[in-house]
Every structure is written in C-alpha cells, then in structure tokens.
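Biologist: I am new to this structure and would like to go through it step by step, beginning with the helices and then turning to the sheet and the ligand. Could you show it to me before we start?

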Amino acid sequence: MAAGDPLQLKHAARRGNRYRTPEGLLERPRPDLDPDTRPKSPSMAVHFTDCNSHVPQSPLTSSSGTPLRVLITAGPTWEPVDEVRFLGNRSSGRLGAQMAVAATQRGLPTTLLRGPATADPTPDPLLTEQRFHTASELDAALHLAWPNHDILIMAAAVADHRPIRDPEAPRKIRRSTGEFTIRTEPVPDLLEGLAKVPHGGTRIGFALEPADELARNAREKLQRKGLAAIVANPLETMDADVIDGVLIDADGREQSPGEGPIEKTAFAVWLIDRVIDLHGRRRSAIDE
Ligand code: CTP
C-alpha cells in the first residue's frame, strides 16, 4: 500500500486501524449545485430546451441546451446453464435503481437497464426501463441506447464467465446424469467495448474489489476501460444497504461522501451530483 494513499487508509480504518484522513486528501461533499437552481420537474427541464436563443451553461444540460440524458445499468446477469438453471451473482441492483431515482429528481431523462430479480425503482415520467437477463442482452441494449445518452453509469454486476452451451445437451440436466462439469468461457468486457464507440459522453464504471487491493485494481480498471471515473467499492457492498465507495476520476482526483459506509440512497444522490459535475468539467475542457 502506498504511504498516505487515502483510499487504502479509508478502508484500513474500517478494519480497525484508527487514523485521521490527511486534510484535503478526501474531498468533502460540496454544495456545488444549489438545490434551488436544479430543475425538479420535467416542466422545468423543458424550460432549458425552450431557450435556444441563449444556450445556458447549466451542468444539467448538454451543449445543445437539452437536459443531460443518463443511462444506468444495474443488477446481476444470469447466464443459463440449461433451460432451468443459471450462473448469477448476489447483486441486488439497489444502488443503480436509487441512482436512477436521484437522476430523475435532478430533472434528467434517465434510462435504467435492469437485471433480473432487482429492486423496482420509484416510477417517474422521466424514467425509462428496460430489462435484461444475460450479458449479451445487456450488450445489445447498451449499443442501442448509449448513442442517445450523455452519461453512462455502469453499476451492473456483469458476469466474467458464462457456461459454454452444448447444443446437444439436454434441455434440463437431471440428477440421474450423475457428475457433470460446467465449462465456461470469458464474457467480453462490455464497458471496455463501448470505448470503441465514437462518443463524447462520460462513462463511469464500478470496481468491486477486496479492500486490500481496491485502490490499485480500481485505477487499473479506470485506465484499461478508458473511463472518465470509477467508483471503487469493497466486496462487502454487494447486496448490502450501505456502501463505502470512493469516486476516482481520470485525473487521479478522489472524492468520497465521508468516512465509512453510508446508506446507498444517500450515496446515490451524492454520486449523481459528482458525475454531473464531472461531465460539466469535461465538457468545458473540450469547449475551451
Ligand atoms: N463490466 C463489464 N463487462 C464485464 C464485466 C464487468 O462491462 N464482462 C463492468 C462492470 O459493470 C463494472 C466494471 O466493468 O462497471 C468493473 O467490473 P468488475 O467486476 O469490478 O471488474 P472486471 O472488469 O470484471 O475485472 P475482474 O474480473 O478482473 O475483477
């Protein structure tokens, strides 16, 4: 662990090592978007689209003055073993659903691609939902949706491996089959694949890692997948009500909502505001 690495120190603290975060290393939440100035309803969001004579430089609008469109993926993938069973994971999709709600509460049209057995987000006229089961279905949905969005937040827990299906195999594997082996193949990295799609938008990934490898592996994934930022969070986050996440951006800046785990609902609101802010800064850098 690098000496003074704030991310590692933060998670070392959760394991019982008492420390004080060096002042300024972990940024505190900022009132960067005055709640009173945010569009809270579709009607206010429409107000921006009507102002074509003077395109407002709001962090909530695209360069054409329309509200930013947010694409969020959430939940597990289920990869079939036969027509009855699947290989899945414990992702609940709760954080993704809460981020979708937080984005619509900012007045942003939001698409949620939602995996099986995940939490229902609160219905909202600004929210569009689409379901997926397998990584292939999610990949197809992403390639259709991403060109029409400004921000992608990839919170889905996509399979790393899936069973190789033998077309000759029985539709249902039976007990009488006796011992059998499931052979798997790697699933392509969907987020990395989207880096090849020409797009000026902001892609945000997640890195779910053991606490002692969190910082190093999250930074490696951030670079390899060509992301604007990555949310580094320890394995304990999966299927929990709380999260202890840190947002690391491509400039190496680390931000966290505070020390220790917080409710996913609060984290979702915090993260959406950070991501809107990050998208605005990247857009300003391009415009300069
Ligand atoms: N991801 C993806 N496609 C995959 C696997 C993961 O797009 N086949 C995305 C996840 O949605 C997440 C990010 O990549 O935003 C990191 O996922 P994670 O499971 O932490 O890492 P992996 O890239 O799968 O790498 P590893 O298996 O080494 O942990």
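Modeller: Axes here are lines fitted to C-alpha atoms, for helices over the stretch in contact, and angles run from 0 to 180 degrees between N-to-C directions. Please keep in mind that this is a predicted model.

Biologist: Are helices α3 and α7 parallel or oblique to each other?

Modeller: The axes of α3, residues 94-105, and α7, residues 264-287, come within 8 Å and cross at roughly 50 degrees. Angles under 35 degrees count as roughly parallel and 65 to 115 as roughly perpendicular. The two helices, α3 and α7, are therefore oblique.

Biologist: How many residues of the contact of α3 with α7 are nonpolar?

Modeller: The crossing of α3 and α7 is right-handed. On the α3 side the contact involves Arg94, Leu95, Gln98, Met99, Ala102 and Ala103, while α7 contributes Lys264, Thr265, Phe267, Ala268, Val269, Leu271 and Ile272. Sorted by kind, the residues of this contact are two charged, two polar and, for the class you asked about, nine nonpolar.

Biologist: Which strands stand at the edges of the sheet?

Modeller: The open sheet has eight strands with mixed pairing, in the order β5-β4-β1-β6-β9-β10-β12-β13. Each edge strand has a single partner, so one side of each is left without a neighbour in the sheet, and these strands are β5 (127-131) and β13 (254-255).

Biologist: Which residue of β13 is the bridge partner of Ile248?

Modeller: Strand β12, residues 246-249, pairs with β13 in the antiparallel sense over two bridges. For Ile248, the bridge partner in β13 is Glu254.

Biologist: At about what angle does α7 run to β9?

Modeller: Helix α7 lies across β6, β9, β10, β12 and β13. Its direction relative to β9 is about 135 degrees.

Biologist: Which element supplies the largest share of the shell around the ligand?

Modeller: Of the 14 residues around the ligand, Met154, Val158, Leu190, Leu191 and Gly205 come nearest. Both α5 (190-194) and β9 (202-209) supply at least two residues of this shell. The largest share, four residues, comes from β9.

Key. Residues numbered from 1 in each chain as written. Predicted model: local features only at pLDDT ≥ 70, side-chain atom pairs only at ≥ 80, totals over all residues. Parallel < 35°, antiparallel > 145°, perpendicular 65-115°, else oblique. Left-handed = near helix turned anticlockwise from the far one by under 90°. Contact = placed C-beta atoms within 7 Å. Nonpolar A, V, L, I, M, F, W, Y, C, P; charged D, E, K, R; others polar. Near = placed C-beta within 6 Å. Pairing = 2+ DSSP bridges.
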